[in-house]
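Hi,

Here is the structure I promised to pass on to you.

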Amino acid sequence: MSSILWIKNGRVIDPANKRDGTGDLYARDGVIVDSLSESELKAAEVIDAQGAVVCPGLVDIHVHLREPGQTHKEDIASGTRAAAAGGFTTIVCMPNTSPVGDNPGTIRRINDSITRNAIVNVYPTGCLTVEMKGEQLAPIGSLKNEGIVAVTDDGLCVQNNEIMRRAVEYARMFDLPVMDHCQDASMTQGAVMNEGYWSLKLGLKGWPSAAEDLIIARNVVFSRQFDAHIHMQHVSSAYGVDIIRRAKKRGIRVSGEATPHHMYFTDECCKDYDPVFKMNPPLRTEEDRQAVIEGVLDGTLEVIATDHAPHTADEKDNEFDIAPFGIIGLETALAASLEVLVHSGRCDLSFLIARMTHMAAEILNLPAGTLSTGAKADITLFDPDAEIVVDPDQFHGKSTNCPWNGKRLKGKVLRTIVAGKTVWDGNQITAQ
Amino acid sequence: MNELIANWTRKDLISIESLTREEIDTVHALAKHFKEIMATNPASLPSLRGRTILNLFIEPSTRTRIAFEIAAKRLGADVTLVEQAASSLTKGESLRDTAQVVEALQADTVVLRHSAAGSPLYLSKILNVPVINAGDGAHEHPTQALLDTFTMREKLGQSLEGKKITILGDILFSRVARSNIFALNKLGASVTLSGPATLVPDGFRQLGVEVDLDLKSALADADVVMLLRIQHERQTSTHFPSLGEYKSLYGLNQERASWLKPDAIIMHPGPVNRGVELDSSLADSNRSVILQQVANGIFNRMAVIYLCMAANNKNLISE
Ligand SMILES: [Zn+2]
């Protein structure tokens with residue numbers, strides 16, 4: 001007996017296929033189909049999508065699920081529930097777990113847990129270097145055999161240029177993109193927030209944007225030299241955006257991501273020393289914030305990714321200097337991005353959805369992000385105008401380190417469907 | 001005086017930046033009052049008898065700790081000291097632990113010295129008793145700025161309007177510099193910062209001060225030159241080559257002091273690196289007001305403790 005889905009009268013936005021209009025969407029056995037027969041229509045599960053946007057399930061290529069090793073912060077079950085509640089059907093998890101994903105056994109263990117516990121699609125990444133120490137290449141070929149979709153030492157950045165050069169060359173052999181967390185560590189020793197007016201005033205150790213720009217520039221050099229794809233994670237500085245923009249104009253294979261928080265907040269948010277605004281890279285100036293938004297709008301940063309980084313309340317409730325970097329983002333990404341980009345009038349819905357669906361998938365060659373006939377029926381329904389009040393206590397992940405706490409945003413995820421099955425119905429998780 | 005005290009509504013002293021000019025004036029007026037009383041009747045004032053003040057020094061500082069201790073005792077309070085010699089950053093002494101210590105000891109007021117900027121603000125939000133910042137990281141050292149500006153007013157006259165104050169040395173890592181910049185701006189003085197570019201970033205201009213890396217012009221016309229302690233080992237090792245080079249470029253010696261106006265005064269929060277930022281002969285000269293600063297530190301801290309405790313407990317005033 002086949003399972004049949006009929007989503008009626010929604011505003012279907014599928015940027016990969018340049019579709020935007022009111023209509024119906026059909027799926028059979030977890031796959032998008034063009035049409036259904038009369039008898040199938042009668043047997044179908046019908047979802048009335050009147051007033052809702054129906055789009056491909058959202059894709060986030062930068063998520064920390066903390067499993068194995070730090071499951072008090074998050075695990076694959078809780079993290080994928082948070083993803084589902086945020087409208088994401090496909091996420092990519094970072095390898096800075098404990099142990100780190102620098103060996104086939106750990107990747108296999110992660111994949112086993114994904115099979116057992118994930119309620120959305122999860123793809124693992126592997127480390128660039130052994131123990132993420134930046135000294136010796138990880139067995140990238142063996143990791144690829146276990147199914148990684150990219151290599152990254154995210155959280156850290158390979159400082160040694162010779163090692164980075166070899167990593168880029170080597171990963172290219174396996175057609176694996178290199179994702180880099182761009183940070184010159186020698187310039188950020190003890191730094192906890194952006195270097196500028198606010199760090200001077202607050203007496204907190206400043207983190208210059210040059211520390212990010214230098215590594216972005218290095219990566220551009222290697223990408224050009226080896227014709228390798230290097231993806232710059234969470235770009236936060238105006239000049240960094242500009243370096244990527246100019247590199248792309250010359251046909252260099254670099255890509256970049258913007259996070260909702262770097263598009264939304266500035267370093268002024270740190271003025272009360274609240275560690276919920278402590279993140280890596282740090283929140284920067286209004287000029288940087290605008291440049292990141294411009295980078296998204298002109299295609300320099302082709303994808304929005306959350307860098308969802310759960311930490312417990314105890315860990316965050318500390319001196320700004322001591323508290324860990326990072327915030328969660330899966331359950332606020334859509335509403336926050338809508339506010340900055342769409343409700344502000346800077347782009348239309350289709351433009352934003354593209355950055356959160358097929359363009360994200362294409363960076364890492366993931367089979368996701370479209371409603372094409374024959375594609376997996378991963379679908380998100382949301383109301384872009386419904387107001388929500390952000391309450392991390394109602395979130396589905398394990399951690400609540402959310403800087404939007406208490407804020408009113410517009411954009412509510414009404415339903416998340418993975419392979420034709422509803423995993424989030426707008427109120428609760430419905431997957432087993 | 002009682003009216004001034006009644007108008008003070010802050011239970012905490014966290015920063016100079018958050019104070020109004022009137023509040024600075026209030027501290028100074030009360031400090032002056034205490035100074036006059038102590039001159040004629042050095043016996044303790046009984047105002048805070050039976051109260052306990054907790055000196056919580058997570059980051060060590062002998063001078064500031066003793067100044068607060070004397071100030072509290074002159075007001076009749078008991079003082080309990082908790083010191084944590086090791087850095088909280090490495091030992092994991094969290095602010096929550098700190099708050100629990102305060103509550104367990106049932107202190108009436110906490111004087112907090114901490115290496116983490118923002119820690120007194122955090123503590124003040126969770127405690128009902130006054131929190132007085134005795135220096136938080138590179139953020140602020142408000143009582144130091146209060147005693148510094150008090151001393152300037154004694155020497156230059158009540159109005160600092162239009163006076164030129166030059167602060168010389170490690171501005172970047174200095175909480176004393178930050179608090180003094182905020183205080184002097186509020187009091188209408190003009191502030192010039194000088195020192196090596198790595199320690200005196202241009203960005204400070206955004207706080208409404210001059211940055212003048214040329215020592216001669218920075219010192220010219222100054223009514224006050226305030227020197228900061230240079231600690232090459234601490235935080236600044238990548239910021240300038242050596243103490244010797246610092247001394248040769250920026251150390252205040254007799255020759256450079258001749259660039260100052262004849263009546264300009266020399267200040268230093270102490271302890272002085274004699275022969276580095278300041279020559280001994282100048283430190284001990286009659287241009288130096290370093291010892292007056294120390295003495296005034298007691299009266300200003302008495303004023304701050306008294307005002308904050310009175311704001312938190314109105315009964316203190318009528319007693
Ligand atoms: Zn990162």
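**Helix packing and a pocket**

Helices here are DSSP runs of H or I with at least four residues, numbered from the N terminus. This is a predicted model, in which local features need pLDDT of at least 70 and side-chain atom pairs count only at pLDDT 80 or more, while totals for chains, interfaces and linings use all residues. Residues are numbered from 1 along each chain as its sequence is written, chains are lettered from A and ligands numbered from 1 in the order in which they are written, and side-chain values use heavy atoms, with hydrogens and water left out.

Axes are lines fitted to C-alpha atoms over the stretch in contact, and angles run from 0 to 180 degrees between N-to-C directions. In contact (heavy atoms within 4.5 Å) are A:Ala333, A:Leu334, A:Ser337, A:Leu338, A:Leu341 and A:Val342 of H12(A) with A:Leu349, A:Leu352 and A:Met356 of H13(A). By class, that contact has eight nonpolar, one polar and no charged residues (Ala, Val, Leu, Ile, Met, Phe, Trp, Tyr, Cys and Pro are nonpolar, Asp, Glu, Lys and Arg charged, and the others, Gly among them, polar).

Also in chain A, H8 (residues 238-249) and H10 (residues 286-297) pack at about 25 degrees with axes 8 Å apart, which makes H8(A) roughly parallel to H10(A). Their contact divides into four nonpolar, one polar and four charged residues.

In chain B, the axes of H3 (residues 62-74) and H13 (residues 290-312) come within 8 Å and cross at roughly 55 degrees, so H3(B) and H13(B) are oblique to each other. Their crossing is right-handed.

Finally, the second largest pocket is lined by 27 residues, with A:Gly155, A:His181, A:Gln183, A:Asn280 and A:Phe325 nearest its centre. On a 1 Å grid over the protein atoms alone, a pocket is an open set of points where a 1.4 Å probe fits, with protein on both sides within 12 Å along at least five of seven lines; lining residues have an atom within 4 Å of a point. The lining of this pocket has 10 nonpolar, 14 polar and three charged residues.

Best wishes

Definitions and conventions:
Helix = DSSP H or I, 4+ residues; strand = E, 2+ residues; numbered from the N terminus. Parallel < 35°, antiparallel > 145°, perpendicular 65-115°, else oblique. Left-handed = near helix turned anticlockwise from the far one by under 90°.
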